[in-house]
Amino acid sequence: MNKRFFITTAIDYVNGRPHLGHAYEKIVADTIARARRSLGREVYFLTGLDEHGQKVRQAAQAEGKPPQAYCDALAADWVAFAKKLGLSNEDFIRTTQPRHKKYVQAILTKLNNAGHFYKAVYRGYYSAREETFLTEKDRLPDGTFDSAYGEVIELEEQNYYFKLRDHQQWLIGFIEENPLFVQPAYRRNEVLGFLKNNALDDLCISRPASRLNWGIPVPFDPDFVTYVWFDALVNYISAPASAGEPDLCAAVDIPAAPDGPELWPADIHVIGKDILKFHAVYWPIMLRATGLPLPKQILVHGWWQKDGQKLSKSTGNIVDPVAVIDEWGLDAFRYYALRELDIGPDGNWTDAGFRSRYSAELANGLGNLVHRSLSMLKRYRNGIVPPKSDDLASDAQKAAGETRSMLEQNRLQAALQCIWALVTRGNQYVDQTAPFKMAKDPAQAQRLDGVLYSLAETCRVLAVLLWPFLPATAANIYAQLGLKEAPGRFADSAWGALPPGQAIAEPAALFPRKD
Ligand code: MSP
């Protein structure tokens, strides 16, 4: 099978600066992508920006810039942000790119020709901020609309609608038959509950260009632009189609490159809980109507708060990932995000919690183990790896086996817990064997060799296990061990690969103590 493992993130609205929530999702996807590569798969990791629609146009207006110029300027910051997070993405899509617009228009044409759309007049309420139509059902008990909708206006306008009703039954059946399609299970139940208890309204897929001109023109009616969510979801297929994905090209009759990669269906769409309906209801229906298979999984993460309060620019309750990375290092940020919050529930960032994990788990846990193991090897054996020993082999193999199983299930937090069981075991082994005492007794030289080998080899195994999560730290451990290759292959976690006689490099602290 040549199909690559294809993983995506939500594409962020380009209407502000990236915050912790955006960073978290991208790091989750990046870690899964790296884990799959480490386990031997070829991976295609896609992320990007959602640049059309009312929100972006309003943000551009507020800065007095034409929307495209506004997007171009901000996109550079977001691309730099992806680098800052260490993302290993193969592609970065912007929905204003011609490759994307062309594909959206091709899908619209195909669906229109097949009779999936109709034109009708809408009369009712509209939230420009959320770019959504509201009904009486959306009113709060006091008769007003939620403040999140901003100003709600009454309007009457023509639009194109996508007939969703015919799709409700098969979608329920599909989700019931495919328990892994929406994960975690409680999100799947939420979708099923919604589908079983509500008749699906048809989806308005256009906006009159006279009211909102910032969007992809509807190819069969120049008076309209495409609804931003229809446009945005298509990024998951327009990007791989532009790389020549054969089935995606065939679906809309565009020529495929002869050696285009097999990518579709996507293996995982990583998204936040607020956009579940778009991904688990509208997106499958769009794909089915186009004649394409559905993605294998929608993996839904929760939302971060800080100090128990919503992240909010206006109240200043934010976590600036760039500031944290500049102060503490990228891997410390990645570690806290992935270790603190399992994929699913909501999480809470506290600066005290961050410092405490940094100090206990990174500096005193992993950092201390690696630093003292290599420093003792340097001091007592001149930095030359002694003959093999197997003292910690079974602990290391147990950790590797469990970590592999967690990675295969995308259970990143649990994988880190398995890895840290080995860190703790390593530190405990140093305390129990007390190599600094052995070093004073020439009769124990052979025993000391064994302890030093086991420790150095444990550090090496840890580097391999850690690579998807903390790539720079893993590479740093390998470099300190004097190893030339990269720790990016899970199979290298098998015990005993550190060659005796090898000279290690100078030990250096992985996580400098900050206190
Ligand atoms: N543009 C749409 C997505 C289109 S996908 C075809 C969008 N953009 S967004 O910028 O508002 O959000 C991007 C992602 O960030 C979403 O998955 C969202 O859930 C996530 N998060 C935004 N705030 C968040 C937190 N506070 N915590 C965790 N994730 C959060 O929606």
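User: Why is F133 called buried in this model?

Analyst: The model is a predicted one. F133 has a relative accessible area of 17%, and buried means under 20%; F133 therefore counts as buried.

User: What makes Y126 buried or exposed?

Analyst: The relative accessible area of Y126 is 0%. This value is under 20%, so Y126 is classed as buried.

User: Why is the pair of Y126 and F133 called tilted?

Analyst: The ring centres lie 4.8 Å apart, and a pair requires centres within 6.5 Å. The planes stand at 55 degrees. Stacked applies under 30 degrees and edge-to-face over 60, so this pair falls among the rest and is tilted.

User: What makes W328 and Y358 an edge-to-face pair?

Analyst: Their planes are 65 degrees apart, with 4.8 Å from centre to centre. Because edge-to-face applies over 60 degrees, the pair takes that name. Both residues are buried.

User: Which parts does the pair of W328 and Y358 tie together?

Analyst: W328 belongs to helix 11 (residues 321-328) and Y358 to helix 13 (residues 351-381), so the pair joins parts that are 30 residues apart in sequence. Ring pairs also link W328 and Y358 into a cluster whose members include Y24, W304 and F511.

User: How do you know that R211 lies over the face of Y126?

Analyst: R211 is at 4.2 Å from the ring centre of Y126, and the distance criterion is within 6 Å. The arrangement also has to lie within 35 degrees of the ring normal. R211 is listed as lying over the face.

Methods:
Residues are numbered from 1 along each chain as its sequence is written. This is a predicted model: local features need pLDDT of at least 70, side-chain atom pairs count only at pLDDT 80 or more; totals for chains, interfaces and linings use all residues. Side-chain values use heavy atoms; hydrogens and water are left out. Rings of Phe, Tyr and Trp (its six-membered ring) pair if their centres lie within 6.5 Å; planes under 30 degrees apart count as stacked, over 60 as edge-to-face and the rest as tilted. Buried means under 20% relative accessible area, exposed over 50%, partly exposed in between (1.4 Å probe, protein chains only). Helices (H or I, at least four residues) and strands (E, at least two) are DSSP runs, numbered from the N terminus.
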